[in-house]
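Here is a short report for a reader new to this structure. Look at the chain first, then read on.

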Amino acid sequence: MITLRGWWFLAFFTITLGIGLFLDRWVLTILAVCILLWFGWEWFLHSLRVTLVAPALSVTREIEGDRGPVSNLWVGRTFRCNLQVRLVHWLSLPFVRISEIVPQGIQFSNPLSYEGPMNLESPVAHTSQLVCALSGTVRFLGLSVEISDL
């Protein structure tokens, strides 16, 4: 999706191309065509990354107690949450913002908040402490992932 700034950029250089063609100014025409081709290429790459690479994000969450992985949480006890986000695609993402959605009844010491590039070789790993404050079922809602090109 193109932002408002992108639409203005596209409109300006389309008008510049039209003026260059109408006034027979070949330098202006070549400059506008090159910039429009670059803009189209970057838009195509971003669309490719969003449609092919974003679904290839793999998330692994493991909750551990004092003796290892647990399937039940107890009120008032502290647990360790190991979270790993891995990209399993050969294309990289130039900028990703990942933040953890904290479930109700859970108090995290430092929830995941990551901003930066992601590629196949460098997964994002995060460990935090959590305390279960309420009894009942805990539902981890996942992560919020925003993808942008810089």
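Helices (H or I, at least four residues) and strands (E, at least two) are DSSP runs, numbered from the N terminus. By that rule the chain has 2 helices and 8 strands. From the N terminus on, they run α-α-β-β-β-β-β-β-β-β.

This is a predicted model: local features need pLDDT of at least 70, side-chain atom pairs count only at pLDDT 80 or more, and totals for chains, interfaces and linings use all residues. Residues are numbered from 1 along each chain as its sequence is written, and side-chain values use heavy atoms, with hydrogens and water left out.

**Overall form**

The radius of gyration is taken over C-alpha atoms, and the globule rule is 2.2 Å times the number of residues to the power 0.38. Buried means under 20% relative accessible area, exposed over 50%, partly exposed in between (1.4 Å probe, protein chains only).

| Property | Value |
|---|---|
| Radius of gyration of the chain | 23 Å |
| Box filled by the C-alpha atoms, along the principal axes | roughly 75 × 30 × 20 Å |
| Residues that count as buried | 29% of 150 residues |

**The sheet**

Two strands pair if DSSP finds at least two bridges between them. Here 5 strands form an open sheet, in the order β2-β1-β3-β7-β5, with antiparallel pairing. β2 (68-69) and β5 (106-108) stand at the edges with a single partner strand each, so one side of each lacks a neighbour in the sheet. Inside the sheet, 8 bridges join β3 (residues 78-87) to β7 (residues 124-132). Asparagine 82 stands opposite threonine 127 in β7.

**The helices**

What links the two helices? Rings of Phe, Tyr and Trp (its six-membered ring) pair if their centres lie within 6.5 Å; planes under 30 degrees apart count as stacked, over 60 as edge-to-face and the rest as tilted. The structure holds 6 aromatic pairs. Phenylalanine 9 and tryptophan 38 form an edge-to-face pair, 6.2 Å centre to centre with 70° between the planes. Phenylalanine 9 lies in α1 (residues 4-22) and tryptophan 38 in α2 (residues 26-53), so the pair ties together parts 29 residues apart in sequence. Ring pairs link Phe9, Phe12, Phe13, Trp38 and Phe39 into a cluster.

**The cores**

A nonpolar core is a set of buried Ala, Val, Leu, Ile, Met, Phe, Trp, Tyr and Cys residues joined through side-chain atoms within 4.5 Å. The largest has 13 residues, and Val85, Leu87, Leu93, Ile98, Leu112, Met118 and Leu143 touch the most other members. β3 and β4 (93-100) are the elements that give two or more residues to this core. A second, separate core of 7 residues includes Ile63, Ile106, Phe108 and Cys132.
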